[in-house]
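Reader: Hi! Could you walk me through this one?
Author: Happy to, let's have a look together.

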Amino acid sequence: MNTTHREIAEYWSQHQDECDLSVDWAEAEKLCWRCAQGRMLQRCHIIPRALGGSEESCNLVLLCGQCHAEAPNVADPEFMWIWLRAHAVSFYGTYWYNRGLREYEFIYGAKPLAEIGESEKLLPRLRGAVERYIKQTSTHWGQGKLNPATIAWLLRQVEQEARNDAIPSAQPSSFQSLDAAR
Ligand SMILES: [Zn+2]
């Protein structure tokens, strides 16, 4: 019989400190232990079955499909927890955005929006750009969430618009019409 999600969460709540993990143990049956997204969770072997790993709670963690695909497959049980803690985020809902930022830096060699800075006028305008460009993005089957490369592209489009807008000679009418449309 398969070990249940509840059994796995209960076991680890007593054997690992939730400190420095993305997920609180109280929500560990519902949220992925790496990205803390509430998606269909999979039972992920700490030591893979191919390397003799068991089906017991002590050898299982709960991950979404996207995180499961990236999880380590090694005969070193400590490394799963090193990996989970290295990827931990302090706030729910920020994991994949942070990955998108890192992907952007990897591709373009700089942080997005680094040269543009913040302005009160710009922020609502950026939100409008995200809403428009997100319609040109999609997810891989079964993942349900934009992946880092897709987020990096989205950031790039928004940044290019922002850069154009940041030039003082930009036409103010385009701001107004977009603001009115929202
Ligand atoms: Zn995940």
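Reader: What pattern does the chain follow along the sequence?
Author: Read along the sequence, it goes α-β-β-α-α-α-α-α-α. The chain has 7 helices and 2 strands, where helices (H or I, at least four residues) and strands (E, at least two) are DSSP runs numbered from the N terminus. Residues are numbered from 1 along each chain as its sequence is written. This is a predicted model: local features need pLDDT of at least 70, side-chain atom pairs count only at pLDDT 80 or more, and totals for chains, interfaces and linings use all residues.

Reader: What's the mean pLDDT of the chain?
Author: The mean is 86, and 85% of the residues reach 70 or more; pLDDT is the predictor's confidence in each residue, from 0 to 100. Over residues 169–182, though, the pLDDT is below 50.

Reader: New topic: which residues touch the most other members of the largest nonpolar core?
Author: Cys 32, Trp 33, Val 61, Leu 62 and Leu 63, out of 25 residues in that core. A nonpolar core is a set of buried Ala, Val, Leu, Ile, Met, Phe, Trp, Tyr and Cys residues joined through C-beta atoms within 7 Å. Buried means that 20 or more other C-beta atoms lie within 10 Å of the residue's own, with C-beta atoms placed from the backbone.

Reader: And which strand gives the most to this core?
Author: Strand 2, with 5 residues.

Reader: How much of the chain is buried?
Author: Buried residues make up 24% of the 182 residues.

Definitions and conventions: Two residues are in contact if their C-beta atoms, placed from the backbone, lie within 7 Å. A residue is buried if 20 or more other C-beta atoms lie within 10 Å of its own, exposed if 12 or fewer, and partly exposed in between; C-beta atoms are placed from the backbone.
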